[in-house]
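The sequence and the structure are shown below.

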Amino acid sequence: CACPHERGEPSTALAAFHADRGGCGGPDAGDLPERAADAGSVLLLLLAGLAAAEGREAPGVPAAGPRLRSVLGPVYVFAATHAAERPWTSARSQSVARELLAELLRATGCGSVAEFLRGRNEDEEGRFAAVMGLLKQELTKDTWKRNPATKHVFSWTLLHITRPWLSHYLESVLPPSLLISDDYQEENKILGVRCLHHIILNVPAADLCQFNRAQVVYHALYNHLYSREAPLIEAVLLCLLDLLPVLERAQRHQKETRPTAPCDEVLQLVLTHMEAEHRLALRRVYARALPAFVQRLGIRIARHLKRLERVVLGYLEVCDGPEEEARLGILETLRCTIEHAWPRMPCRLPVLLKALLKMIWDVHTDQGSTPEPVKAALLQGATECLILLDRCSEGQVKVLLEGVYSSCEEGRVRECTADPMFTLLFVQ
């Protein structure tokens, strides 16, 4: 009796695929990993048989025939569903799924999953469109949460498609990414934002700006800035930093005149949140991202100096643990700000000098658990800021520091100002 694949009937073996895909996360999902492993083993035999049969029919031809092509999309979705560690997988089901992916690549003559999805070159059509056709019905507003595996299969698949291929599929990948990012669960928000970030990095700016797509993505990301979850804020800020140049370029081409650019809007909101933020995790995330926003604005950072100064002073005062990520980020922010807005610094010299000296004193007298390399990095950052302040104030910092050293009788203060970092300042 002939096997199903020899009769050209792959639907028999694929029935197991449909049953197991629908059960992910359902009430009867307890035995799903074992059923998935069994179904995967059947699909392995199916693929091997189809590949062998087509090899006999067309020896030496690596391209998949019509019968093999008919099962590539569903088998890929099944393998992607069970290849990673998830609540519905086991070590055995993951192993079988990975074998299934490897067999898919062998049967189609592809060297990687990315090549399988996108094709070997720009002229060859890959299987991404077929895979998205299968996922599309499960990625609507009403259906995407019924099967928790769908969002992971979509995101994992999306990340394999890069320039220049992704722009061809923008209409099919952007709506699901926005839908997932708009969920109330933090995990889904982060997943959606990462999908959006991948799209921004791998689709030309002209395509993103067409039909106002970039603005839609911007407003979706901007709304996430009101979140209080550090992982989400970090993902959103990184994504916005890559989206803002696209928006600004589009405004220049369209010759739009707006009172505030998107970068100004984002920084204004971020600084407002930073002023009142007391949780260390969020303070670290904000401080790490802030230097990049200053660099992007350049001289336009002068619009935000009043609020930025309050943030810098507040963050320099507070030790945020052994790694001092917030303080280091704020020192880098201050350095970038001085470099770009140096004409506005002399009037702020007394306040900034006092804050930097107080931080140096705190670091020098710290007997806690801060590692020496971190202390050295803090002192180095503070010294660089002092050197820049001295240059833009025509030597006023040196004059003031000499006065501190000569007028103070406290031994520890003299020891602190005799630190090698201060010596570096005076030899500039």
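The following paragraphs describe ring contacts and then cysteines.

This is a predicted model, in which local features need pLDDT of at least 70 and side-chain atom pairs count only at pLDDT 80 or more, while totals for chains, interfaces and linings use all residues. Residues are numbered from 1 along each chain as its sequence is written, and side-chain values use heavy atoms, with hydrogens and water left out.

The structure holds 5 aromatic pairs (rings of Phe, Tyr and Trp, the last by its six-membered ring, with centres within 6.5 Å; planes under 30 degrees apart are stacked, over 60 edge-to-face, the rest tilted). One of them joins Tyr76 and Trp156, which are stacked at 6.2 Å centre to centre with 25 degrees between the planes. Because Tyr76 belongs to helix H3 (residues 66-82) and Trp156 to helix H7 (residues 149-158), this pair ties together parts that are 80 residues apart in sequence; helices are DSSP runs of H or I, at least four residues, numbered from the N terminus. Ring pairs also link Tyr76, Phe116 and Trp156 into a cluster.

Charges over rings (NZ of Lys or CZ of Arg within 6 Å of the ring centre and within 35 degrees of the ring normal) include these:

| Charged residue | Ring | Distance to ring centre |
|---|---|---|
| Arg118 | Trp165 | 4.3 Å |
| Arg283 | Tyr315 | 3.9 Å |

The structure holds 0 disulfides (pairs of cysteine sulfur atoms within 2.5 Å). Cys392 is in no disulfide, and the nearest cysteine sulfur, that of Cys347, is 9.8 Å away.

Cys392 has 15% relative accessibility and therefore counts as buried (under 20% relative accessible area; exposed is over 50%, partly exposed in between, with a 1.4 Å probe and protein chains only).

Terms used:
Helix = DSSP H or I, 4+ residues; strand = E, 2+ residues; numbered from the N terminus.
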